[in-house]
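Please look over the structure below.

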Amino acid sequence: MQELITSGDLLSYMEKKGTRLEDPHAAVITLQILKAVDYLHERGIVHRDIKPDNILMSSWEDDARIVLTDFGHAKKIGSRLPQRMYSTVGTMGYTAP
């Protein structure tokens, strides 16, 4: 069973809002993304493909809750110690240089 998220992704949300979010609103979304990443990292999971298309919005309201999705490139790390990732994955244009 999965939660139904009907409001689309962050990219569509930004286009509807005029492609630029106000700083406080962007900060709320960023904080939620960071909390999701922290949750995953505490469990030894690395997402490896965070981009606006993989962040779903629970509603079109400014205080919408976000849902991180698409774990197709995610990797579980065996130990709690930081490990280097040697494979290059993700979406071009969103990967680190």
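This is a predicted model: local features need pLDDT of at least 70, side-chain atom pairs count only at pLDDT 80 or more; totals for chains, interfaces and linings use all residues.

The side chain of Ser7 reaches the backbone nitrogen of Ser59 at 3.4 Å. Residues are numbered from 1 along each chain as its sequence is written, and side-chain values use heavy atoms, with hydrogens and water left out.

**Around Ser7**

- Ser7 sits in the segment before helix H1 (10–17). Helices (H or I, at least four residues) and strands (E, at least two) are DSSP runs, numbered from the N terminus.
- Ser7 is buried, at a relative accessible area of 5%. Buried means under 20% relative accessible area, exposed over 50%, and partly exposed in between (1.4 Å probe, protein chains only).
- Neighbours within four places in sequence aside, Ser7 is in contact with Met57, Ser58, Ser59 and Trp60. Contact means heavy atoms within 4.5 Å.

**Asp9 and the two ends of H1**

- Asp9 is also found in the segment before H1.
- At the start of H1, a side-chain oxygen of Asp9 reaches to within 3.2 Å of the backbone nitrogen of Leu11.
- Asp9 is buried yet has no salt bridge. Its nearest side chain of opposite charge is Lys51, 8.8 Å away.
- With neighbours within four places in sequence left aside, Asp9 is in contact with Pro52, Asp53, Ile55, Leu56 and Met57.
- Gly18 follows H1. The phi of Gly18 is positive, near 105°.

**Salt bridges**

- Side chains of opposite charge can pair when their charged atoms come close.
- A search of the whole structure finds three salt bridges. A salt bridge is a side-chain nitrogen of Lys or Arg within 4 Å of a carboxyl oxygen of Asp or Glu.
- Glu3 forms a salt bridge with Arg65, and their closest N and O atoms are 2.3 Å apart. Glu3 lies in the segment before H1 and Arg65 in the loop between strand E2 (55–57) and strand E3 (66–68), so this pair ties together parts that are 62 residues apart in sequence. Arg65 is partly exposed, at 39% relative accessibility.
- Lys17 forms a salt bridge with Asp62, with 2.8 Å between the closest N and O atoms. Lys17 lies in helix H1 and Asp62 in the loop between E2 and E3, so the pair ties together parts that are 45 residues apart in sequence.
- Both partners are partly exposed: Lys17 has a relative accessible area of 34%, and Asp62 has one of 46%.
- Arg43 and Glu42 meet through their side chains in a salt bridge (3.5 Å, N to O). Arg43 is partly exposed, at 37%. Glu42 counts as partly exposed too, at 43% relative accessibility.

**Strand E4**

- Lys75 is found in strand E4 (residues 75–76). Lys75 is partly exposed, with a relative accessible area of 37%.
- Lys75 and Gly44 are 31 residues apart in sequence. In space, C-alpha to C-alpha, Lys75 and Gly44 are 8.3 Å apart.

**The whole protein**

- The protein has two helices and four strands. From the N terminus on, the order is α-α-β-β-β-β.
- The C-alpha atoms fill a box of roughly 40 × 35 × 25 Å, taken along the principal axes.
- Of the 97 residues, 26% are buried.
- Among contacts with a separation of 6 or more, 65% are between residues 24 or more positions apart.
- The accessible surface comes to about 7,000 Å². Carbon and sulfur atoms hold 56% of this surface. Accessible areas come from the Shrake-Rupley method with a 1.4 Å probe; for residues, only the protein chains shown count as cover.
- The protein has 12 positive and 13 negative side chains. Lys and Arg count as positive and Asp and Glu as negative, while His and the chain ends are not counted.
- The centres of the two sets lie 10 Å apart. The place of a charge is taken as NZ of Lys, CZ of Arg, CG of Asp or CD of Glu.

Note on methods: A polar contact is a pair of N or O atoms within 3.5 Å; within protein, one must be able to donate a hydrogen and the other to accept it, and residues adjacent in sequence count only if both atoms are side-chain atoms.
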